[in-house]
Amino acid sequence: MENEEKLISILKRIDGRGYKAYLDLKGSYDFGLFSLYIDHVQRDPFASPSLMRVEVADVSFPLKLYENPARKIALEDYISRAFRNAIRKFLGDRRGSGKSGVLRIDAGSQEILERSCVNINPHSLEIRFQLGLPARGRRIMGNEAQRILVEVLPKLVESSCLYGNLPESELIGHVESFEDAEYLRNQLRDQGLVAFIADGSVLPRESGVSDRAMVNAVTFQSPSSLRISLETLHHGLVTGMGIPEGVNLIVGGGYHGKSTLLRAVELGVYNHVPGDGREMVVTRDDAVKIRAEDGRRIEKVDVNSFIHHPPGIGDTHDFSTENASGSTSQAANIIEALEAGSKLLLFDEDTSATNFMIRDERMQRLVSKDKEPITPFIDRVQELYDEQGVSTILVMGGSGDYFQAADTVIMMDHYQPYDVTEEAQRVAEEMPLNRIKEAAGEFHYHQRYLVPESIKPYKGRRLKLDSRGVSTLIIGPEIIDLSQVEQLVDSSQTRAISYALYHYSQDPVKHNKHHFPSLETDLKFIPLGKVLDYLEMCINTKGLDFLAPPGRNRPHNLVRPRKYEIAAAMNRLRTIRAKSL
């Protein structure tokens, strides 16, 4: 390892030379307080910034702040945000051409997520970041590079990586808030709940393009009939609304907060930063938002319980299409979520196919069942819970037919919830339905396995894995549209999913048979859900670096995705091939 003076010497020597001379910087440098590692140097000022990391050997953070996985995630998240704040404070204006002077770390927004950019253990603290090495045109600005690396970087490290230089109460509050949310979520199943919204939570957001809490918004207050108190580790008893297992409707007039409540619930699978307003809004981690998705590809999904014998297709136990309709895509989305292990489905009528959700009495009279291949969801929703243990939460403002199937009905009025279950049941009794239940036979579906070889991660000889924003995933020559997968919140989650697909293409089970001793030595006959569980286990034990493909060691911009979004990406890959089990 070279010392700090060596780095200064190199920068002086290459000052004013062609940009590729920056390659001489690659290596490691001892700054005393920390070591700097320059792992990858960009070859052009307009290329992606260079990859660097610092390692602080003398870890000053008390072990109790990262003694379990929850606390570790929260502490690393806090450090990443502190490093980002320090960049804003100390770096000043960018100078030079292209990406010159761009210094960034992959810190988060409102959600606290497991990230690869910060890694702490009792022996070291590692920060991974990007720096656009400064240039004028394509000539090296050695003095500016020296200012950033030798003068600014130590300030960033000192202000964000040393426990004594951080606001202790804020840091501890960040960690304890995360741990409390985890503790609440872990109680839901034992309490027979699918979600919990604490009293005083702020659910409305600042705007349609901002996920920050709305200023002066109405705070949430639970109706007494649904109020429950749950214990936390650091804030005593917390009181709020528990949404029970079963069939739950959210009703109410337009603009009164139905979709706002559902959005908070669907993002309650993640924990949020203090001050977000949703710190104690928690949902079971197997919740999946279901919607219609016109035009998506479907590969051999057993949708027969919802779609049966459509004209020109016939059998739908292995249904495939390159261009699904709203109803068939919604049916496939349900089955695929169940395959991945979900037991909680979330729906909003605004993003659902009407003919999939309901077929009323008048339509039944006009169009007989023998001419309608769709079994509407209303005729399966209670069966899903009674026979499969699958709960649902549905926003429903336009059809009271669901009152008949609902276990709980919550009405939103001026962003406040009211338990109107008894009133809804009374309405259902006073205005009985004459519609005919159209479910033919019991609900069932068969599992599939996805063929690893049908995932093509190479474009020519080049391994191509990346994301463009949150909603676009790139794998080899294919671009996967994830804009309708609504529980993705970070582009680095999307990037991590592309890495997970690479692992799947390499048949991880075949190369790790000891994890599947009773199964075959490849993916044949292993349901997708089990392979996703295996990938989760590997991340749990090895960290996000496990996902890094060859040549991409120590990735700086990965965020842990849920297995349900990994499955969603696989199912939307247009080259994917599946076989029934």
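Me: What percentage of the 581 residues in the protein chain is made up of buried residues?

Reply: In this predicted model, buried residues make up 57% of the 581 residues.

Me: Why is Arg 128 called buried?

Reply: The relative accessible area of Arg 128 is 3%. Buried means under 20%, so Arg 128 belongs in that class.

Me: What makes Asp 545 count as partly exposed?

Reply: Asp 545 has 32% relative accessibility.

Me: Why is the pairing of Arg 128 and Asp 545 called a salt bridge?

Reply: The N to O distance between their side chains is 2.9 Å. A salt bridge requires a side-chain nitrogen of Lys or Arg within 4 Å of a carboxyl oxygen of Asp or Glu, so the name applies to Arg 128 and Asp 545. Arg 128 lies in strand β8 and Asp 545 in the loop between α13 and α14, so the pair ties together parts that are 417 residues apart in sequence. Both residues also belong to a network of salt bridges that includes Asp 39 and Arg 53.

Me: How do you know that the radius of gyration of the protein chain agrees with that of a compact globule?

Reply: For 581 residues, a compact globule would have a radius of gyration near 25 Å. The protein chain has 26 Å, which agrees.

Conventions: Residues are numbered from 1 along each chain as its sequence is written. This is a predicted model: local features need pLDDT of at least 70, side-chain atom pairs count only at pLDDT 80 or more; totals for chains, interfaces and linings use all residues. Side-chain values use heavy atoms; hydrogens and water are left out. The radius of gyration is taken over C-alpha atoms; the globule rule is 2.2 Å times the number of residues to the power 0.38. Buried means under 20% relative accessible area, exposed over 50%, partly exposed in between (1.4 Å probe, protein chains only). Helices (H or I, at least four residues) and strands (E, at least two) are DSSP runs, numbered from the N terminus.
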